Amino acid sequence: MKSAFYYKTKKVTLNLVIHLFLLSVAVTCLYPLLWMVASSFKTQETIFRDISLIPRQLHFQNYYLAVSESNFGRYLINSIFYTVSVVLGIVFISSLAAYAFSRLRFPGRNIIFIVFMAAMMIPIPGSFVALFVLLNKLHLRNTPLGYILCMISVGLSMSIFLLKTFFDTMPRELEDAARIDGCSKIGIYRHVALPFARPVLAVVVVFNALNVWNEYVLALIIFDSKNLMPLQRAVMMFRGEFLTNYPLLMAGLTITALPIIIVYLLMQKYIVKGVTQAVFG
Amino acid sequence: MLPAVAIFCIFYIVPFIWVFQLSLSDWDGILPTKSFIGLDNFKEIIFQDASWWQSIRNAGYITLIALTLQNALAFLLAWACDREIRAKNFYRVIFFIPPVLSEIVVGMAWRFIINDVDGANIINRMLVSMGLPQLVRSWLSDPKTALTTVALVHSWKGFGWGFLIFLAGLQTIPRELDEAARVDGANAWHRFRKITLPLMIPVIILVAILTVLGTMQAFVLITSLVQSELAGHTSVPVLRILALMRDSSRFGYACAQGITLGAILVIISFMQYSLSKRYRQV
């Protein structure tokens, strides 16, 4: 006969094992980041000797150097500018399109929607080659506009999918009421549908912001001028120039990573929601 | 509606068609004329290009590790988090930090941690303190360990996605099923095998599809992690495509490689998808 004590001990041990497991993985997740931030406050001399996560002395000179001599302030502004423009563009265009797919009847509606969705599923790994040629032809290569338009196109399918699924579940009575009150179609979209879709719009904003901020490939093939580059591209170039200056490099990386971590921590509930929604409909 | 279709057509459909067009031609990206050469590019890829197949094998190896190690870890973590434990949310937030970071940041930070032979290399330090100094090496430069190291860092970055999807999947399983089985005397292992696992198979296959698609096309992490990516032992397909375009100006051939890889991926995804359909019917 097993006593209550046996069961209790068993449960406590099991919980302990689970926590140990989860905790060890969590430490592995955080360690490289803490290490990166810590190293950015060290100097070239101390970085290989002082391996602690909390540096004995905080040297801010790396950040000063990164911003003053390596132009990191400029890249930061570029990244912010691209991210904000692309996200605004996607929100505006995809919400209109999703609303139209959900509520308006027009010829070819289903086919166009299927094509959008297919774009989400079918991988074309070499498409950046053709995009490069196209932007050259349109004289949009090495311009912010070219980059912004490409990135908008990248985010459209997913955003339209999320928003359309939401608009489909929106009760029609709301719109009928607005129509009776004399609202136009655009008016209904602006005053009824958009405010109603705010939670989904948040998901769209967060996902696209992460995506644009972290984008590298298109930035690589589109930009030649240093002044136009976003952070991800700049930090790679930076490595080529200061290969062995690890503290400076880590300061650059921290500038690149910190904004996105802050946004993530503030908005993480929308990310969980977005994943759940995108996967389970 | 119209702007969406316009942007989409110009920046997605047109390139899509051009990739196919270019793949049938021999073009350096500058000359106004493209010479049509039929399927010659594809013949070259399939029969002559050893380095292409090497890169596919490398990507396949990374994918294999991601499919097994990364997804098993993700599933275990999700399973551990899908119960009444403290700090559940804390873990969830932490596990998704690597996926929100860019591949550039992850690659460079890890390179700094594991590549130097002496100095800051944490793994080598641990090996020395465990009395195994003969295992100390430059993990990313040594051809023997480079690819595995890349695969492990890739898994580190990627497991958070699987974790989140598995967790969402587990939460859709009604608790009553588990309770009923418990009342009937099924032990934890039995409940896991007879209830959790069968219900999770569609989700597992979905994660597998996403893993294959993501990993086979991954390359930014490798660029930022390894210095000489084209040395062969860590080269992957998309890196080769990029190099063909930027360094050798073989636009047509690059597109043909893209299509070959795309076709391989579509076939694999389709196979996985039909597998999941079969399970759903059972």
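Predicted model: local features only at pLDDT ≥ 70, side-chain atom pairs only at ≥ 80, totals over all residues.
Residues are numbered from 1 along each chain as its sequence is written, and chains are lettered from A and ligands numbered from 1 in the order in which they are written.

**View 1. Chain B as a whole.** Chain B contains 13 helices and 2 strands, where helices (H or I, at least four residues) and strands (E, at least two) are DSSP runs numbered from the N terminus. Along its principal axes, the C-alpha trace of this chain spans about 75 × 55 × 40 Å. Of the 282 residues of chain B, 42% count as buried; a residue is buried if 20 or more other C-beta atoms lie within 10 Å of its own, exposed if 12 or fewer, and partly exposed in between, with C-beta atoms placed from the backbone. Among the contacts in chain B with a separation of 6 or more, 70% come from residues 24 or more positions apart, two residues being in contact if their C-beta atoms, placed from the backbone, lie within 7 Å.

**View 2. The two domains of chain A.** Chain A is divided into domain 1 (1–59) and domain 2 (62–280), with bounds that come from an automatic or database domain assignment. The centres of domain 1 of chain A and domain 2 of chain A, taken over C-alpha atoms, are separated by 34 Å. In the contact, 9 residues of domain 1 of chain A meet 8 residues of domain 2 of chain A. The side of domain 1 of chain A that touches domain 2 of chain A has 3 nonpolar, 5 polar and 1 charged residues; Ala, Val, Leu, Ile, Met, Phe, Trp, Tyr, Cys and Pro count as nonpolar, Asp, Glu, Lys and Arg as charged, and the others, Gly among them, as polar.

**View 3. Where chain A touches chain B.** The contact takes 64 residues from chain A and 61 residues from chain B. The elements of chain A that give two or more residues to this side include helix H1 (4–40), helix H3 (72–103) and helix H12 (246–280). H12(A) gives the most to the side of chain A that touches chain B, with 16 residues. By class, the residues on that side of chain A divide into 53 nonpolar, 10 polar and 1 charged.

View 4. The axes of H1(A) and H12(A) come within 7 Å and cross at roughly 120°; axes are lines fitted to C-alpha atoms, for helices over the stretch in contact, and angles run from 0 to 180 degrees between N-to-C directions. H1(A) and H12(A) are therefore oblique to each other, since angles under 35 degrees count as roughly parallel, over 145 as roughly antiparallel, 65 to 115 as roughly perpendicular and the rest as oblique. Met36(A), Val37(A), Ser39(A) and Ser40(A) in H1(A) meet residues of H12(A) that include Tyr246(A), Pro247(A) and Met250(A), and the residues of this contact of H1(A) with H12(A) divide into 7 nonpolar, 3 polar and no charged. H11(A) and H12(A) pack at an angle of about 175°, with their axes 10 Å apart, and H11(A) and H12(A) are therefore roughly antiparallel to each other.

**View 5. H5(A) and the residues that follow.** Because 8 of the 11 residues of H5(A) are buried, H5(A) is largely enclosed by the rest of the structure. Among the buried residues of H5(A) are Phe128(A), Leu131(A) and Phe132(A). Just after H5(A), His139(A) takes a positive phi of about 55°. Asn142(A), found in the loop between H5 and H6 of chain A, has a positive phi of about 65° although it is not a glycine. Most residues other than glycine have a negative phi. Asn142(A) is partly exposed, with 14 other C-beta atoms within 10 Å.

**View 6. Gln272(B) in its helix.** Gln272(B) lies in helix H13 (residues 251–281) of chain B and is partly exposed, with 18 other C-beta atoms within 10 Å. Not counting residues up to four places away in sequence, Gln272(B) touches Ile205(B), Ala208(B) and Ile209(B). The C-alpha atoms of Gln272(B) and Val212(B), which are 60 residues apart along the chain, are separated by 10.0 Å.
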